[in-house]
Amino acid sequence: AELAVLGAQRDEREREEEAARRERAELQEQLDRARQARAEAERAHKKALIAHYRERKGEEDEMEAQRMLAEAAAAEQERLRQAEHNLERVQFRAEQLALSQQSRAAQREQERLRVEETRARLARVRDKALAAMAVTNDPLRAISSTAASAAPSQPKHELFRVPGYSEQTLMKDMRYKLGIALTNANLRHTEYGRQILNSMGAASRPDAVESSIRFG
């Protein structure tokens, strides 16, 4: 009987262990399925994110392409407008240049006509004056000798003789001799030297000639 009890207990333990193994296997299977489901969900989520990103990227690329096209069209329009503006400016400058050239040409023509008219008027005045003076039209008269230049030259007469200052003449003047002596002694420009020279009176030249002829 005791052996039967032990056998029954062993069988019970084996059944419990088998039940535990089955339970663990089921739990592991459920865990694997849950992990697989989570992985699939993550992959699906990533795919959805990638698809959404690609969709947005495509929209953004399309919008960027449209923006670039719009900017290119605007830039081309601006270049066209600037080219038209430059053309108008060049045409205006060409017209102004043509008008300026025409104005200068007209001024030159007026100046030429004025000069010709002045020359003609002067020629008429000259011809009238020559006719009134009964002068022949002879260009050689301008380089011919006049009556005054053809007359014989007159002899030159000296008005009066004015001698120069020689050393011999100057040394006859005591004031000059005293001035030389004071200069050699470095006293010419002193108060003493000036007093001595002033006491000598004015300088005189024995050969000086005083003329009674008044000029001016």
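Me: What covers the buried residues of H5?

Reply: In this model, which is predicted, the cover over the buried residues of H5 includes helix H4, residues 174–184. The buried residues of H5, a helix that runs over residues 191–199, are Gly193, Ile196 and Leu197. They span an arc of only 95° around the axis, and therefore lie on the same side of H5. On the other side of H5, Asn198 and Ser199 are exposed.

Me: How many helices and strands are there in the protein chain, and how much of the chain counts as buried?

Reply: The protein chain has five helices and zero strands, which gives the pattern α-α-α-α-α when read along the sequence. Of its 216 residues, 4% count as buried, and carbon and sulfur atoms account for 55% of an accessible surface of about 19900 Å².

Me: Which residues form a nonpolar patch on the surface?

Reply: The patch is made by Met171, Tyr176 and Ile180, which together have about 240 Å² of accessible area.

Me: How should I read a salt bridge within a helix?

Reply: The general idea has two parts. Side chains of opposite charge can pair when their charged atoms come close. An α-helix has 3.6 residues a turn, so residues three or four places apart point the same way.

Me: Where do glutamate 12 and arginine 15 lie?

Reply: Both lie in helix H1, residues 2–133, and they are three residues apart, about one turn of the helix. Glutamate 12 forms a salt bridge with arginine 15, with the closest N and O atoms 2.4 Å apart. Glutamate 12 is partly exposed at a relative accessible area of 35%, and arginine 15 is partly exposed at 47%.

Me: Which residue does glutamate 116 form a salt bridge with?

Reply: Its partner is arginine 112, and their closest N and O atoms are 2.5 Å apart.

Me: How many salt bridges does the count come to?

Reply: The count comes to 12 salt bridges. One further case to look at is the network of salt bridges that links Glu18, Arg21 and Arg22.

Technical notes
Residues are numbered from 1 along each chain as its sequence is written. This is a predicted model: local features need pLDDT of at least 70, side-chain atom pairs count only at pLDDT 80 or more; totals for chains, interfaces and linings use all residues. Side-chain values use heavy atoms; hydrogens and water are left out. Helices (H or I, at least four residues) and strands (E, at least two) are DSSP runs, numbered from the N terminus. Buried means under 20% relative accessible area, exposed over 50%, partly exposed in between (1.4 Å probe, protein chains only). Accessible areas come from the Shrake-Rupley method with a 1.4 Å probe; for residues, only the protein chains shown count as cover. The arc is that of the directions from the helix axis to the C-beta atoms. Contact means heavy atoms within 4.5 Å. Patches are made of residues with over 30% relative accessible area and no salt bridge: like charges are joined within 9 Å, nonpolar side chains (Val, Leu, Ile, Met, Phe, Trp, Tyr) within 5 Å. A salt bridge is a side-chain nitrogen of Lys or Arg within 4 Å of a carboxyl oxygen of Asp or Glu.
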